[in-house]
Amino acid sequence: MLAKLSLICLILGTGDAQFFGSRSPLPSLTKTANKLTNAATNLPKTGINSLLSFNPLKLAEEALDNSWSTFQGSFDKTYKTAEEAILRKENFIENIGKIENFNKIYSSGKYSFVQQINKFADMLHHEFNSILNGFGRFHAPRVPIQKSSSFIPSANVHIPDNIDWNEKGAVTPVKSQGLCGGCYAFSAAGAIEGHTYRKTGVLTELSPQNLIDCTDPYGNEGCVGGLMDPAFQYVKDNTGINSLVNYPYEAKNDTCRYKVQNPDAETTGFVTIPEGDENALKIAVATLGPVSAAIDASQDTFQFYSSGVYFDEKCKNETMYMNHAILVVGYGVEQDGKEYWLVKNSYGPEWGIGGFFKLARNANNHCGIANIASFPLV
Ligand SMILES: *[C@@H]1O[C@H](CO)[C@@H](O)[C@H](O)[C@H]1NC(C)=O
Ligand SMILES: *[C@@H]1O[C@H](CO)[C@@H](O)[C@H](O)[C@H]1NC(C)=O
């Protein structure tokens, strides 16, 4: 059961030859340049995508090369070898085609969200998915794992239609996992930040690295992956977690270096939302604060999500498919009536809506958002 719940979410390994094994051949440059032109015409004209607009008549390698250089410059991309650079460029060209096709279908009204070129545009989907959203690596804990408390939804209270904990000052800036699969640590730290803020009125950025380095006895696997509840329990048993300032992020495994003189926040336990219950999740988010949760992030539509309400009919809602940890910081309803969860991700602020995304809400527990949801007691 524990293995079933493992969440890993590595980011952006470069140069791993195995990921190039099954890629399709490079499409002809002219065909690609055509695609690129269409992509540039159809994409939202912001950021990197605005730089892709070029004279449609001047198709060709030059334009492709320019786009590729712009992409590399925009996201500080450097590659270890010339071979890798060539393969990354091929991925980039392929992804531009995919994004173009997606946004074309979007404009026909089929999708509720758009895609955009982002820093993952040099990764193939199967690479992105296996690195960012690995699965099933959680070992037997060496300490007794505490049972969570049950969430009892508040009765006799009015639950608002919209909540955004950003607006209430309970959410710290979006972080980037970098080359490490520590999504669970970012999710857990974010929930402790929010609940500590509700308790003290002070918002302090807490240390995911502290959780990555120190929760191995609880079954987590550092930069390979882990779960939020053992992280909450560690903070309780340890009587503290350091702040980000006191224990900075390294994006790699390291030894546990908790500084006992700086307990910047504490937990006293954790509470689990009934599995799959979106209404209970809504009440918890409305009445208590941000809630840690997991989703199936394995669909290729997630890689280039830009804005709108994420909904992919292929997204799985069964617990065994959950492979990425995130933080639910609110919910609401779009003007067209679409209900959504407002979710903080840890792919950096340049992904999605400033690092956040909206996920379809009350759509049969879409992507399993309510399956593994919990929050710390502080
Ligand atoms: C990181 O540490 C975990 C154990 O906490 C281990 O399973 C994993 O292999 C390590 N990863 C690396 C890259 O050393
Ligand atoms: C998953 O979605 C289906 C409908 O597509 C629904 O019947 C089922 O109850 C959902 N399962 C979970 C675990 O939420």
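1. Thr172 is placed in the loop that runs between strand S3 (163-164) and helix H6. Helices here are DSSP runs of H or I with at least four residues, strands are runs of E with at least two, and both are numbered from the N terminus. Thr172 counts as buried because its relative accessibility is 3%; buried means under 20% relative accessible area, exposed over 50%, and partly exposed in between, with a 1.4 Å probe and protein chains only. The side chain of Thr172 makes a polar contact of 3.0 Å with the side chain of Lys175. Such a contact is a pair of N or O atoms within 3.5 Å; within protein, one must be able to donate a hydrogen and the other to accept it, and residues adjacent in sequence count only if both atoms are side-chain atoms.

2. On the basis of this note: the model is predicted, local features need pLDDT of at least 70 and side-chain atom pairs pLDDT 80 or more, while totals for chains, interfaces and linings use all residues. Residues are numbered from 1 along each chain as its sequence is written, chains are lettered from A and ligands numbered from 1 in the order in which they are written, and side-chain values use heavy atoms, without hydrogens and water.

3. How many cavities of 30 Å³ or more does the model have? The count is 1. A cavity is a set of points, on a 1 Å grid over the protein atoms alone, where a 1.4 Å probe fits but cannot get out; lining residues have an atom within 4 Å of a point. Grid points are joined across faces, edges and corners, and the volume is the space filled by probe spheres set on the points. The largest cavity holds about 130 Å³ of space.

4. The lining of the largest cavity consists of 16 residues, and those nearest its centre are Lys175, Phe186, Ser187, Lys344 and Ser346. Lys175 is also the residue whose side chain is in contact with that of Thr172. Helix H6 (183-200) and strand S7 (324-333) each contribute at least two residues to this lining, and H6 gives the most, with 6. By class the lining has 8 nonpolar, 5 polar and 3 charged residues. In this scheme Ala, Val, Leu, Ile, Met, Phe, Trp, Tyr, Cys and Pro count as nonpolar, Asp, Glu, Lys and Arg as charged, and the others, Gly among them, as polar.

5. An N or O atom in the side chain of Asp216 is 2.7 Å from an oxygen atom of ligand 1, and for the side chain of Asn253 the corresponding distance is 2.3 Å. Of the 360 Å² of accessible area that ligand 1 has on its own, the protein covers 45%; such areas come from the Shrake-Rupley method with a 1.4 Å probe, and for residues only the protein chains shown count as cover.

6. Ligand 2 has Asn317, Asn364 and Asn365 around it. A polar atom in the side chain of Asn317 lies 2.3 Å from an oxygen atom of ligand 2, and an N or O atom in the side chain of Asn365 is 3.0 Å from an oxygen atom of this ligand. The protein covers 41% of the 360 Å² of accessible area that ligand 2 has on its own.

7. Asn365 sits in the loop between strand S9 (356-360) and strand S10 (374-377). Is Asn365 buried or exposed? Asn365 counts as buried because its relative accessibility is 9%. Phi of Asn365 is near 55°, a positive value in a residue other than glycine.

8. Asp76, in the loop between helix H3 (61-74) and helix H4 (82-107), also has a positive phi, near 50°, and is likewise not glycine. At 69% relative accessibility, Asp76 counts as exposed.

9. Asp277 lies in the loop between strand S4 (269-272) and helix H9 (278-287). Its relative accessible area is 30%, so Asp277 is partly exposed. A polar atom of the Asp277 side chain lies 2.9 Å from the backbone nitrogen of Ala280.

10. Tyr218, in the loop between helix H7 (208-214) and helix H8 (228-237), is buried, with a relative accessible area of 7%. The C-alpha atoms of Tyr218 and Pro141 are separated by 4.6 Å, and the two residues are 77 apart along the chain. Ile212 belongs to helix H7 and is buried at 4% relative accessibility. Ile212 and Gly182 are 30 residues apart in sequence and 6.6 Å apart in space, C-alpha to C-alpha.

Notes:
1 Å grid on protein atoms, 1.4 Å probe; cavity = no way out; pocket = protein on both sides within 12 Å on 5 of 7 lines; lining within 4 Å. Near = heavy atom within 4 Å.
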